Structures are given as C-alpha cells and as structure tokens.
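Work through the exercises below with the structure open beside you, and try each task before you read its solution.

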Amino acid sequence: MSEVGRNPSSGDRSRSPWTSDLAVDSITTSVSTIALQAKADVLALNKPPTEPSESKLLADVWCTFQGLDSTTLPFVNSSTISLPSTLPLPTISILHSLVEPALLYKNLTIFVESPSGLTGQAFRSAIKNELRSYLALISKIGEEIRKELEAENDVPEWKRGWSLGGVTLKKCIYWLRDPTLVLRLLNDMADKCKDKNGGQLLNALYSYTSHGDPLISDFASKLLKDVSRPFYEILQQWIYTGEIRDPYAEFFVQKRDQTDAVWDGKYILVQNQIPSFISDELVNKIFQTGKSLDFIRMGCGGGDWVDRHGTELSRSFHYGEADGEIEAAIDAAYRKTVTHLMFLLTTKFKLNEHIHALKNYLLLGQGDFVAMLLELLAPSLERPANTLYRHNLTSILETAIRGSNAQYSIPEVLRNLDARMLELSHGEIGWDVFTLEYKVEAPLDVIVNAYATRQYLKIFNFLWRLKRVGFALDIAWRRSITGARGILSYVKDVVDSDWKMARACCSEMIHFICQLEYYILYEVIESSWSELQTELSKPDLTLDRLIEVHTKYLANITHKGLLGSARAGRQGSLIHQLHEILKVMLSFTDAIDALYDLSVEEYTLRQTQVPKSTSDNDANAEDGALHASISARIKNLKTTFHFLVEKLLGDLAYQNDTEMRFLGVRLNFNEYYLVPRHRKTTTDSART
C-alpha cells in the first residue's frame, strides 16, 4: 500500500464552490456518440484486470470524502491515507486528487473542535457552516454513485465503468474541483489563525480580502462578516455603555488589573489587537468614547446619563457596512460623550474656576491677596520654623482673604486653599518652610494630578522666594531713603559713602527682581495661560487632551520660568544661579540692617554728648572695626552680585528660547554689566 498526503495547488473559479453540476449527461444517438461507445467497449474488453475494481473504489471513496475509514482507502492519520499498491499509476494519480479534499476536511474537523476565544469560536463556526455545505455536496455525489452502482448490476462485468455518461473517479474529480479550492483556502486560513484571537485573527483574515483572485477575496469578505460579529458586539458595548465584556481579552481596549486609577492608566490600547480595517483616528475616538463613558459613570456620578445615552444611540455593527456608516455612528457617540463630560467638569465640578484659582493663589496672580499675605506673614516668618503653628498660619491666611478681592471667590475655591509647612530642618526660619496648598478633589484630580501638584508647588516656592527677597529689599530701600532725611543726615561724615554704595546696589537688585518678576508673571505665566484658555475653548476637547494641554501649560512655565532648564538643580544651571543671586540679596539686606544699626548707634552717641573716656576710645576702636567690616561686606556682596548677574546674562544670551534671551536684554538694557560674548567653556559643555 502506498501513502499520499495533502498536496494543495493553486486554481481559480468564478462560480459557487458548492454547486457543482451533478446531472449525468444523457446519451445521444448521434453517429459520433455511437462510435465513441464502440471504442469504449473495445477498450473495456481488452483492459487489464485491476484489484480493487473502480466500482469498489467508487463505493469506498464516498466514505473517504466524509473523513471515514474504508476497506480500500483507510486513514493512517489525520493527514495521510493509504492507497492500494496493486492499482496502476494512472488510477493512483486519480486517487491522489480525490483524497485531497478528504484530508483537508479531516484536518478542518479537528481544527473546529479546538478551544478558542469568542472570535476564534466565530471563525470555527463559520468553517463548520462551510463544511456542512461540503457534506451536502458529498451527499449528492454519494447518491449519484449509488445510482451508478445499482445501474451497473445490469451491465456485463467487463463493461462496467466504461459507459458514456456514467459516474467515474474522473467525474468525481471534476465535481470536487471548486470545493477542493475552498477547502484548501479554509485550511490555509486555519493554519494562519490557529494561534491567533481577536484583532490578530481578524487581521489575518482581512489580508485575504486584498487577494487578486475574486473567489478568494469575496469568500474572505463573506467569512469575515461572520467572524467579526463578536468584535463588533464588544465594540458596541464599549462605545455605548463604557463597559468591556471581553472574557478572552480579544478587544484592543483592555482594563488593567489591580489599579485604583479612574482615568489615566485604567484602560490601555493593545496595539497588536487593533484590526487593520479600522483607522488610527477611529481607534482613538473609540478609545476616548468608552473611557469617557466609564469616567462619567464612575468618577462623575453620571450613570443615569450613560444609560440614557446607550438607549438613545445604541445600534449594531457588522463588517462590510456601507462606506462611512460605522464611522458616522462612532463619531456621533464620541462627540456626544466628550461634550457631555466637559460640560460636567466645567459646570458641576467648576473646572475653570479651580484652574483659575490655582493661577491666582499658587502662581501669585492675585496681587492684592499676595501683598496682604506678605505684610501679615512677614513678622511670623522671620521666627524659627519650629516656633510656627499651622493654625496660626491658617488664621493669617483667612485674614488676607477677607482683606482682599480673594473674598469674592466661590466657596469651593476658598475651601480648597490652605497654608501648611514643609518638612522642618535645623536652623530654618518660617520663610523656608511656608507654602500655600490647594487641594483639588475628585474628579478634577485626574487633571491636577500628583505631577501637576508638584509643579505648582515648585513654581509657588520659587515665586514666593522672589516675593520674599523683593519684600526685604523694599524694606531696606525705604529704611535707607527715610533715614537719609532723618538720622542718617547727622552722621554723613562717617557712613555717607557706604550708604551711597548701598543704595546704588540696592537699586540694582530691586531692578533685577522687578524685571524677573515681570518676566515670570506676565511674559511666562500670562502668555502660557492665554494659550491654555485657547485650547480649553476648542470644540471636541477630550479629557486626555485637557490633561495634555494642562501639563504643557505647567511645562512651559517651568521651562521658560528658568525652573526646568538643562541640568536643573545642578551647579551651573539657571535655577541654581538664580538661587545664588537671591542668597546674595538676602545677605545684602542683612548687611544694610547692620549698617543702619551702626548709623543709629553713632547718631545716639552724638546726641548724648557724654565726655569721652579711655573706655570710650576702646569702644570707638571697636566701632571703627565693625564699620570697616560692614563696609567690606557690602563691597564684597556687590562684587559677588555683579559677577553672578554677568554669568547669568551670559547663559541667557545663548538660550534657544527667544523670550529667555530677551529677559537678558531687559536685565541689562543699558549694557551696565559686562556680559561675556562667547559660549561656555569646554568644561561646561562636557558637564552637559
């Protein structure tokens, strides 16, 4: 016995594969037909005997077509049939062609019984339907074979199988020509899809729809319509209820396990499960629609609206709908969902008011409130940090609110504003640990998330330090100016040169602080705020887009506000240089206070007019040494300030951002400072 395996070959037919014409041709009485029959009789009379006979093979091959064992054609395994070795080669060749559909059918019956997900089950069900059509055809062929075998009982044995119009093995090949092509195609699809599910399986089938053979492309499209039904059912549930009923994780949107997130990170896109017949834009709309519905239900308490939304818009989808129908339905659900979500955030949860409050209070946009808070807090913040108590700070904050236009903010805003202290370190004073805090509640905390909160705190602490330094310089300036018209005029001969130098340097520092504050508060924060408002006013704004533009808003402020420059926090960075300059300014105000105290002491001594003694001479010597020390300290701080400012201006001159370069121009509008006209040294570049 010889063995034969499956041997698929290419071919194409335009007619239906399961509708072969099985009508036995009628025998005419024409002369040519009579001649052919006479020739057939001669061949039949002289043919060599074969075992098994063709009649026996016909009787057995019908069972083989159904994947069943027979006497002459037993199955060795699912992919091999044993053929009789006693048959001549032409008959063996015919049997090779006949057993191919049987082997394909056998393999497919095994495949359809294998376990799979919903999409895989739909694919196997579609194959089962095709196999049922195949078996229906085999049943018809079996009926024809049965009729032929019954008719041959009245024919001499030597003439059996040679009657014109009778059923033969060759005629069975003709009848099974198109069904064999379909079985080959189904078997090829099964091989490609056996380890795939969901979108991957749909993509594998979809690749056949672009085949050049119309039989293959049309058949694949027909099959895909049935196989994609579970996918579209999950899609329908997702975009109309925000829920995923996907027990086998076949959809391209998946919910993460063990996550407490209500928006970002709760759902993810599985790229390899996205069907290739859905565009990227449509995928994003599907993703946003379902996420928004889930957020409305779980985060915003809008479950009733989601249920009404699903009832009003819900419709079924199927592959092959008219162009644009699915896209239009998804777009309608998308627009309605994202619009309602933004409506909830802006009306019910006061999104715009809270974002504006963050700008007013943490970014110091409410000028009168900030000024009053500084005045009220200054005496307390000069004390050691460990002597401060939160309830005292809160009381001062409430006083500042009542004494400014902040009192007209909505209650939801004022309730979220609070004062607190950062972690205490040894030797710190109140200025170092005080901060404002704005508590954003759910669901707005998905927008002002942990990252955004840290950024707001970072910006506030820097701006608050600028305000502190500016406040200290203003006090020092007022003291020097008022003193010049009072007690300082009586001690000009001793400290006049020092005060002239101090006032000049103080003026430079105030100019620096004012220009820096103006740049950050107006050029940076206000321009970024304007861009944010423009984005927020755009139609079809999604929550993901809102989070993105808000994050960009903070990133622009930190970058352009010199807080997020390269090597931020490291020595040589812009923010590090600014902190060093601010330290020098605070030290300078301390030096001015010391100079003022010295001047007052000198004025007091002159007013008492007590006769000098030896001890007074010693005191005068000590005062002279103290005066010289203070004078040297002021000169040193002035020199250090100039050096640091010139270094900062040199770095600003080579920033990529135009506004940052222009800040350097404003700080040195009259070219008072000597700015280096070359880039940083090689050492600085290597450090980058």
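Predicted model: local features only at pLDDT ≥ 70, side-chain atom pairs only at ≥ 80, totals over all residues.

**Exercise 1: Helices H14 and H15**

Task: How are helix H14 and helix H15 oriented to each other, and which residues make the contact?

Solution: Two packed helices are described by the angle between their axes and the distance between the axes. Helix H14 covers residues 367-381 and helix H15 covers residues 390-402, and they pack at an angle of about 150° with their axes 9 Å apart. Angles over 145 degrees count as roughly antiparallel, and H14 and H15 are therefore roughly antiparallel to each other. The handedness of the crossing of H14 and H15 is right-handed. On the side of H14, the contact is made by Phe-369, Met-372, Leu-373, Leu-376, Leu-377, Ser-380 and Leu-381, while H15 contributes Leu-393, Ile-396, Leu-397, Thr-399, Ala-400 and Ile-401. Taken by class, this contact of H14 with H15 has 11 nonpolar, two polar and no charged residues.

**Exercise 2: Helices H6 and H8**

Task: At roughly what angle do the axes of helix H6 and helix H8 cross, and what word describes how H6 and H8 lie to each other?

Solution: The axes of helix H6 (residues 177-193) and helix H8 (residues 214-227) cross at roughly 55° and come within 12 Å. With that angle, H6 and H8 are therefore oblique to each other, and H6 passes H8 in a right-handed crossing. The contact involves Val-182, Leu-185, Leu-186 and Met-189 of H6, together with Ile-216, Phe-219, Ala-220 and Leu-223 of H8. By class, the contact of H6 with H8 has eight nonpolar, no polar and no charged residues.

**Exercise 3: Two backbone details**

Task: Is the peptide bond from Ala-442 to Pro-443 cis or trans, and where is Ala-249 placed?

Solution: The peptide bond from Ala-442 to Pro-443 is cis, with omega near 5°, and Pro-443 is found in the loop between strand S7 (434-438) and helix H18 (450-484). Turning to Ala-249, its place is in the loop between helix H9 (229-241) and strand S4 (253-255). The phi of Ala-249 is near 55°, which is a positive value in a residue other than glycine.

Key:
Residues numbered from 1 in each chain as written. Heavy atoms only, no water. Axes fitted to C-alpha atoms, helices over the stretch in contact; angles between N-to-C directions. Helix = DSSP H or I, 4+ residues; strand = E, 2+ residues; numbered from the N terminus. Parallel < 35°, antiparallel > 145°, perpendicular 65-115°, else oblique. Left-handed = near helix turned anticlockwise from the far one by under 90°. Contact = heavy atoms within 4.5 Å. Nonpolar A, V, L, I, M, F, W, Y, C, P; charged D, E, K, R; others polar.
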